Structure formats: C-alpha cells, structure tokens
Amino acid sequence: MPKIRMENTQHSLITEGVQSHEQTLATIKPFWVFFVGNIGVSVWLLGVLIAGMGLNFADAMFVILLSSLVGTAFPALTSILGPLTRLSQMEAGRFSLGRTGKKLPAFLNWVGAIGWDTINNVLSGAAFVSFLAVIGLHVPFWLALGVLVFVQMLIGIYGHHLIQDTSQYTGIVLGFFFAVIGIIAMHKTGVTAPTAPAAAPKDVLGAFLLLMAYSAVSWTTYTADYTRYLPAKTSSKKVFTSVFFGLFLSFLALTFFGYVTASAVTEQAPEGVMHALQNLTGKFAPLVLFLIAFNSIPVNAINDNSAAYSLMSAGLKISRPLAAAVGAILGYVICILASSSFVDFYENFLFLFAHWVTPWAAILLVHWFCIGKKEQVTISGITRGSIIFVLVSALSIVLFSANSLYTGLLSNRVGGADIGPYIGFVTAGLIYYVSLKLWPQKYRAAK
C-alpha cells in the first residue's frame, strides 16, 4: 500500500489550484475513481427501469449502449480542464462565469453532493444493519450508519490522494464481485429474449433520456476534481479516455445486468434490487449485503471531498478537512432524520439539478475551446456567461421539467419527456458562442 498523505488543507488549494510540482498523478488513476463511482445498486436499478418501460432486448441494448457512449462523454469532456487549469471543477467556472458568478453553481453542487451522499447512505446503512444481523450482531441503524459515515468522512478529510488509492483497490474488488453476482443472477433468470414487439419511439426516447440524465449529469460537476493532479502536459485525449472508460464500462455492465435480471425484481426501487439479488444469490446473500454497504465508502468519500471543494468555491473560507467533515456530518443527520417520503422528495429534487448542470457545462466548454487555451483570466463580478447560465437553467425548468415536483409548461407537448437539460446544453452553448464571436470578451481581471 502507498504511503497515506493528506491533501493540502488550505483555501489556496481552491483559489490558486494544485501546484505544478504536485501534478504527478498516473493517467490510470482517474479511471478507478469513476469506475467505482458507478458500481452500485442505483445503476443496476436503471436497467430494471428500462425493462419496466417495455423495451425488448434489441431496443434496450441499443438504448443502453448509446446512452453509455454519449452520456459518459459529457463528464469526460469537462475532465480535461483539470490538468490544464489545475483547478477543481466548480472553480474552473470562474473564467466564464466570473469570481461572483461561479459561486451559485458551486453552492448548488454542494447541495447536490450532500443529497446524493444521503440517498446512497439510506440503502447502504440498511444493508449494513442486515449484514451485521446475519453474523449475529444486532445494532441500531444510527450506529451502523455512523460507522460507514465515519470511514467515508475520514477518507474525505484526507482528500484527493487517499480517494485515488481507495478507489483503485475498492474498484477492483467491487467490480469483480458485482460481475460475479451479475453472472449468477443471469444464470438464474436467463437473458431476456428479443421476442417482445418493438417499443414506440417515444418509449425508446424516454428510456434514452432517463439513462442520459444519470450517466451524463451525475458526474459532470466532479470530474476535474480528480484529474487536476495529472501532469499539465498530459494530452487531453488521454485524460478524456481515462475518465470515459471508467464511467462507460461500469455503467454499461450494471445497466445490462439490471435489464436482463429485471424479472426477479418485484419493486422498482433500490430496496427491491437488493432483495432480488439476495434471493438470486442464495447462500451468498450476506455477501450482497456487505458489498452494498461497503460500496458507499468510496462513492461517498468522493461526494464528501467534492462537496468540500464546492463549498469553498461558493465563498466559504474554511479549511478543506473541515468542509469535508461538515458535508459528511450533515448528510448523516439528514439520513437519520429523513422519512421515506422525504427521501423520495429529495431524490426528485436532485433530478431537477440536470437543468442547471448542462447549461453550466456547455458554457465552460465553449469558453475553454474559444478562449481558455489562449488566456485564463478570472473576471470580477458576474459575466455574460453567468447571466446566460441562470436564464437558460430557469427556462429549462419552467418549460420542460417532467418531475413529480414540478411539470413544465411545455412538458406535455413533448410527450412528458424531460428534454430540458439537452435543450439547455445546446441553447446555452450556442448563445454563449455567438456572443463571444459578435462581442469579444473585454477582460477586467479580478483582484
């Protein structure tokens, strides 16, 4: 095992970025961070949901493959900013959004990271309680969850370097065992035959958008956090490839397993998947419980660390370890106090986040490819990019949201498909690009 060292604890890690002499990360390392991030019941559930939408085998494989290819390309693209800017993903937004303008998406990302931390822990805590009961230890939920959160928080406090090493070793273990579980489950259920009639185009589109919302959006705001320690001279192609294949392989495999074993799942929820896998694996059921509990450690350590980066980018001047601890503890408290209805509400609330992530990503990428390679200047206050980001995000929700919390004004006109994030990406990127061409940016550097 490599020597454990703590990442820089000071606020300068965010404002000034990684020092050039620290950019020594091996190119393969980010692969494992994003590979392990997709190994879990939530991705398996997506395949179950696709089966529940009535897609036959051919249609489902087409949707799963296409969404895996296109969806994972989004976060892989934003990851290339890491070694080039030496900044965290949310802080890199200061070039296009301004010193003040980047604070809003940073705060939103902090809220999102805490939310996914909470949702991941609800199931993992329950699985850990069940696993301990199997081996004769009866502990309350708050205590079992506390053990998991403590380990997650400790890794998050140590930061980037320990997260990279933890992801590699846990990724190998979790990847192997989830593949074994998937093969056992397929052996029990059999692969669904392509005998069902072809799904309607709107059902295929709905399935594609569902998978894209998870694969494209959920990691886009994190990726540069775990590539910025790569040497600055690392080619963008290698950075993209490392992140892309980490996300692509894990997402493709688990959604496939979820689809072909969907007949064994009686409840289309994470708990339903967990119970189905226990039934399918027989005497290995305790292993399933342990893996689901264990999986939350590397995933939520990533959440806690990126939440810390985001909170600091949002303007709170505290040390990185304290910011990581605040996020982990807050997620723990919410998880303990939350009712099942609140968790459902929170999850739907988080899916609304797709409407701001895609316009934000479009503006960052357009800015970088048009200007960023020439000069990196942090603009005071807010910029035209910040204004475009806010307006497009708001209109995306108002017009196209297809969420149980809010239905957009035009949602029914497009068959109830939540196309807002994708329209937002194209619209924000196009408007920002045209504005840069017509009115070249006049810089006023921030102090």
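## Basis

Residues are numbered from 1 along each chain as its sequence is written, and side-chain values use heavy atoms, with hydrogens and water left out. The model is predicted: local features need pLDDT of at least 70, side-chain atom pairs count only at pLDDT 80 or more, and totals for chains, interfaces and linings use all residues.

## Salt bridges around Arg 228

The structure holds 5 salt bridges (a side-chain nitrogen of Lys or Arg within 4 Å of a carboxyl oxygen of Asp or Glu). One of them joins Arg 228 to Glu 7, with the closest N and O atoms 3.7 Å apart. Arg 228 lies in the loop between helix H10 (201–217) and helix H11 (236–260), and Glu 7 in the segment before helix H1 (12–15), so the pair ties together parts that are 221 residues apart in sequence. Helices here are DSSP runs (H or I, at least four residues), numbered from the N terminus.

Both Arg 228 and Glu 7 are buried. Buried means under 20% relative accessible area; exposed is over 50%, and partly exposed lies in between (1.4 Å probe, protein chains only). A network of salt bridges links Glu 7, Arg 228 and Arg 320. Arg 228 also meets an aromatic ring: its charged end sits over the ring of Tyr 309, 4.8 Å from the centre. For this contact, NZ of Lys or CZ of Arg must be within 6 Å of the ring centre and within 35 degrees of the ring normal.

## Salt bridges around Glu 91

Glu 91 forms a salt bridge with Arg 94, at 2.9 Å between the closest N and O atoms. Glu 91 also meets Lys 102 in a salt bridge (3.1 Å, N to O). Arg 94 itself is in helix H6 (residues 94–97).

Relative accessibility is 1% for Glu 91, so Glu 91 counts as buried. Arg 94 is buried at 10%. Lys 102 is buried too, with a relative accessible area of 5%.

## Aromatic pairs

The whole structure has 21 aromatic pairs. In one, Phe 31 and Trp 32 are edge-to-face, 5.0 Å centre to centre with 90 degrees between the planes. Rings of Phe, Tyr and Trp (its six-membered ring) pair if their centres lie within 6.5 Å; planes under 30 degrees apart count as stacked, over 60 as edge-to-face and the rest as tilted. Phe 31 is buried at 13% relative accessibility, and Trp 32 is buried at 17%.

Ring pairs also join Phe 34, Trp 219, Tyr 222 and Tyr 226 into a cluster.

## Nonpolar surface and a buried leucine

A nonpolar surface patch covers about 890 Å², with Trp 142, Phe 150 and Ile 329 among its residues. Patch residues have over 30% relative accessible area and no salt bridge; like charges are joined within 9 Å, nonpolar side chains (Val, Leu, Ile, Met, Phe, Trp, Tyr) within 5 Å. Accessible areas come from the Shrake-Rupley method with a 1.4 Å probe. Helix H8 (141–158) and helix H14 (320–337) each give two or more residues. H8 supplies the largest share, 6 residues. Ile 329, in helix H14, is partly exposed at 46%.

Leu 291 lies in helix H13 (residues 285–313) and is buried at 1% relative accessibility.
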